Every structure is written in structure tokens, then in C-alpha cells.
Amino acid sequence: MNAIFTVIFCLSLLVITIVAPDKFLPALLSGAEKAATTALTLFCIYAVWMGLSRVAEKSGFSRVAAKGLRPLSRRLFRTENQAALENIAMNLSCNLLGIGGAATPFAVKAIDELEKDKNEFAQKLLFVINATSVQIIPSTVIALRTAAGSGAAFDIFLPSLICTTVSTTVAVLLYFAVCKPRKRTKTSGKR
């Protein structure tokens, strides 16, 4: 992928140098400014959501969410590992709120717990769900659209909900059709 982007950049550089050499430097600086602004916006969004996720973890909300999602998670992921179920619940919650960057640490922790149980089925299923991730509120996209000056930043809500619901449903159904679920593991995790 890096090679493809490098080739595209070099070809663009060549074309703009030939066609409009006076516009090359302003275009390059403008792009760098937009990239820095976007990166700072994303940093702020993730800082807020990671802070809220940490508060939820420390306050015990993640355990309550895990308890509420436990019946579904047990059946879907075929595990009894409480630490894995808690991290899966937090991961799914973050993905539902459209903050995939905040969901990643919880997925990593859940996969570590599932790896202790040698539950490859659940690890792969969690990966599939994270790759498609249903988003009830696509907060990152909405924040980026707002930062870019969109007058209708929330217009992405319904299309995002429909697309992510369909993609996750199809992905999970295909995964279950291709992979055989293993029996539930008996490990209870660290608690």
C-alpha cells in the first residue's frame, strides 16, 4: 500500500511540476495544514472518549454492561471467561458509539484473554465484528464533518447505521457459515 501511495504522490508531483509549478508549494502546505488540523481533531475526540471509557471501567459500568451483554456474548463468542466478556462488552459499546479507536484497547485485552483459553473461534469472530462494527452513533465521522465545516454533519447517521448493520450481519452470518463454533470454554478469567 505504501508503494502505491508513493507512486501516486510521485506521479502527482511530476504532473503539477509540469502543468503548474507555481501551485505546487501552496498545495503541499495547504495539504499539510489540513492533515495537522484533522490529526488534532481526532486526538481531541479520542482523548475525550478514552477518558470516558476509563471512567466507565473504574466506576464499574463496564462490569454492569458486561453483565447485561453476558447472555448474548456467551452464546455468540462461546466463552465463560468473565474478563474477556467484560472487555468484549466495552469494545462493542465503543464501536456502537462510533469510536473505533477507543474500542481497540478493549479488543486487544479481550483477545489476550481469549488466547489464554485457546478460543480461536471467538478471537476471529471479535475481529470480524470489529472490522464491520455496527455504529449507532458515528461520532468520529460526525466530529470530523463538523470540524471540516459541514452544515449537515449528522446527515451521515442513517446511512451509516444501515450500512454498518448490514455489513456486520452479513459478516457474522458468513463467519458462522464457514467456521464451526467450538464448545464454550470453562475458564472464568481474572476477577
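Biologist: Which hand does the crossing have in which α5 passes α6?

Modeller: The helices named here are DSSP runs (H or I, at least four residues; strands are E, at least two), numbered from the N terminus. A crossing is left-handed if the near helix is turned anticlockwise from the far one by less than a right angle, and right-handed if clockwise. By that convention, the crossing in which α5 passes α6 is right-handed.

Biologist: What kind of model is this?

Modeller: Residues are numbered from 1 along each chain as its sequence is written, and side-chain values use heavy atoms, with hydrogens and water left out. Local features need pLDDT of at least 70, side-chain atom pairs count only at pLDDT 80 or more, and totals for chains, interfaces and linings use all residues, the model being predicted.

Biologist: How are α5 and α6 oriented to each other?

Modeller: Axes are lines fitted to C-alpha atoms, for helices over the stretch in contact, and angles run from 0 to 180 degrees between N-to-C directions. The axes of α5 (residues 100-116) and α6 come within 9 Å and cross at roughly 165°. Angles under 35 degrees count as roughly parallel, over 145 as roughly antiparallel, 65 to 115 as roughly perpendicular and the rest as oblique. The relation of α5 to α6 is therefore roughly antiparallel.

Biologist: How many nonpolar, polar and charged residues has the contact of α5 with α6?

Modeller: With contact taken as heavy atoms within 4.5 Å, Ala107, Ala110, Ile111, Leu114 and Glu115 in α5 meet Ala122, Gln123, Leu126 and Asn130 in α6. Ala, Val, Leu, Ile, Met, Phe, Trp, Tyr, Cys and Pro count as nonpolar, Asp, Glu, Lys and Arg as charged, and the others, Gly among them, as polar. The contact of α5 with α6 divides accordingly into six nonpolar, two polar and one charged.

Biologist: How many nonpolar, polar and charged residues has the contact of α6 with α8?

Modeller: The axes of α6 and α8 come within 8 Å and cross at roughly 155°, and the two helices are therefore roughly antiparallel. The crossing of α6 and α8 is right-handed. Glu120, Phe121, Lys124, Leu125, Val128, Ile129 and Thr132 of α6 make the contact with Thr164, Ser167, Thr168, Ala171, Val172, Tyr175 and Phe176 of α8. By class these residues are eight nonpolar, four polar and two charged.

Biologist: What is the angle between the planes of Phe121 and Tyr175?

Modeller: Rings of Phe, Tyr and Trp (its six-membered ring) pair if their centres lie within 6.5 Å, and planes under 30 degrees apart count as stacked, over 60 as edge-to-face and the rest as tilted. A search of the whole structure finds three aromatic pairs. One of them, Phe121 with Tyr175, is tilted, with 5.2 Å centre to centre and, between the planes, 40°.

Biologist: How many residues apart in sequence are the parts tied together by the pair of Phe121 and Phe176?

Modeller: Phe121 and Phe176 form an edge-to-face pair, 5.4 Å centre to centre with 70° between the planes. Since Phe121 lies in helix α6 and Phe176 in helix α8, the separation in sequence of the parts that this pair ties together is 55 residues.

Biologist: Which residues form one aromatic cluster?

Modeller: Phe121 counts as buried because its relative accessibility is 6%, whereas Phe176, with a relative accessible area of 27%, is partly exposed. The members of one aromatic cluster are Phe121, Tyr175 and Phe176.

Biologist: How are α2 and α7 oriented to each other?

Modeller: Helix α2 (residues 24-59) and helix α7 (residues 139-147) pack with their axes 10 Å apart, at an angle of about 140°. The crossing of α2 and α7 is right-handed. The orientation of α2 to α7 is therefore oblique.

Biologist: Which residues does Ser73 contact beyond its neighbours within four places in sequence?

Modeller: Ser73 lies in helix α3 (residues 61-77) and counts as buried because its relative accessibility is 2%. Leaving aside those neighbours, the contacts of Ser73 are Arg78, Leu85 and Ile88.

Technical notes:
Buried < 20%, exposed > 50% of the residue type's maximum accessible area, 1.4 Å probe, protein only.
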